[in-house]
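Subject: Structure for your reading

Dear colleague,

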Amino acid sequence: MMGAKTLPKAYAAPGLVMRDDAGVLADVMLDPVQVAVWDRHSPLDQQVVQLACREKLAVKSWLDVADLPASMKRSLPGEVFAPLREDLALLADMMACLFGATGVGLRVTALEKPMCPRFHVDRIPVRLLCTYGGPGSQWLPAPAVPAGLLVPGVEQEGRYAAESVQQLEAGQVALFKGDTWRDNPGSGVVHRSPPVSPGQQRLLVTLDI
Ligand SMILES: [Fe+2]
């Protein structure tokens with residue numbers, strides 16, 4: 001599965017695999033991979049993103065993979081959100097197939113300020129992220145994480161090399177390993193919400209198993 005296509009130089013970072021086919025997400029099973037990215041454009045019309053942001057859309061629910069259409073409609077009603085439901089159903093199904101899960105946790109957040117502006121590691125096995133509009137999540141490859149960066153309360157600015165910061169683009173689908181991935185503590189991806197300019201909107205979706 002690896003090496004089907006050479007990574008563009010600009011995207012090459014330790015622990016990253018990225019291709020324009022969804023199959024790349026399965027590469028997250030490989031030990032050296034921290035971040036797997038399906039490089040695609042957002043399938044959503046920006047009007048849907050704007051409406052979600054205007055309505056301050058906030059959804060947190062559990063999706064039953066055996067009945068995704070109904071489960072999606074309960075969590076995210078409204079005809080205008082049909083394209084978002086369709087894409088999320090696809091991603092939830094992929095996530096469930098990949099990890100053998102019968103359900104996935106859905107979180108949809110429309111936000112105008114960073115949710116988690118500090119670099120941190122999630123205490124979960126793995127998370128799927130997609131930003132449909134606005135700047136994508138940022139992360140640091142493991143070799144670029146300086147000692148002490150994650151100590152609570154420590155000032156992070158100036159402790160890491162700014163040019164090491166990787167950033168997802170709108171529409172890309174990423175799997176980030178968390179700190180409880182298999183029996184591999186410490187391998188979680190160090191990441192944060194991107195800085196957002198005043199008035200800039202973001203529609204972020206995460207799926208957890
Ligand atoms: Fe996080």
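H191 is buried, because its relative accessible area is 7%; buried means under 20% relative accessible area, exposed over 50%, and partly exposed in between, with a 1.4 Å probe and protein chains only. D122 counts as buried as well, at 14% relative accessibility.

The model is a predicted one, in which local features need pLDDT of at least 70 and side-chain atom pairs count only at pLDDT 80 or more, whereas totals for chains, interfaces and linings use all residues. Residues are numbered from 1 along each chain as its sequence is written, and side-chain values use heavy atoms, with hydrogens and water left out.

D122 lies in the loop between β4 (103-111) and β5 (126-133), while H191 is in strand β9 (residues 190-192), so the pair ties together parts that are 69 residues apart in sequence. Helices (H or I, at least four residues) and strands (E, at least two) are DSSP runs, numbered from the N terminus.

Strand β9 also belongs to an open sheet of three strands, in the order β7-β6-β9 with antiparallel pairing. β7 (166-167) and β9 stand at the edges with a single partner strand each, so one side of each is left without a neighbour in the sheet. Two strands pair if DSSP finds at least two bridges between them. Strand β6 (residues 138-140) pairs with β9 over three bridges, and L140 has V190 as its bridge partner in β9.

Is strand β2 (residues 35-38) covered on one face or on both? Both faces are covered: V35 and V37 on one side, and A36 and W38 on the other, are all buried. Strand β1 (residues 16-19) pairs with β2 in the parallel sense over four bridges, with V35 in β2 as the bridge partner of L16. β2 and strand β8 (residues 173-177) pair in the antiparallel sense, also over four bridges, and A36 has L175 in β8 as its bridge partner.

C130 lies in strand β5 and is buried, because its relative accessible area is 0%. Leaving aside neighbours within four places in sequence, its contacts include R40, V173 and L204; contact means heavy atoms within 4.5 Å.

Finally, the protein as a whole has three helices and 10 strands. Of its 209 residues, 50% count as buried. The C-alpha atoms fill a box of roughly 45 × 40 × 30 Å, taken along the principal axes.

Yours sincerely,
A colleague
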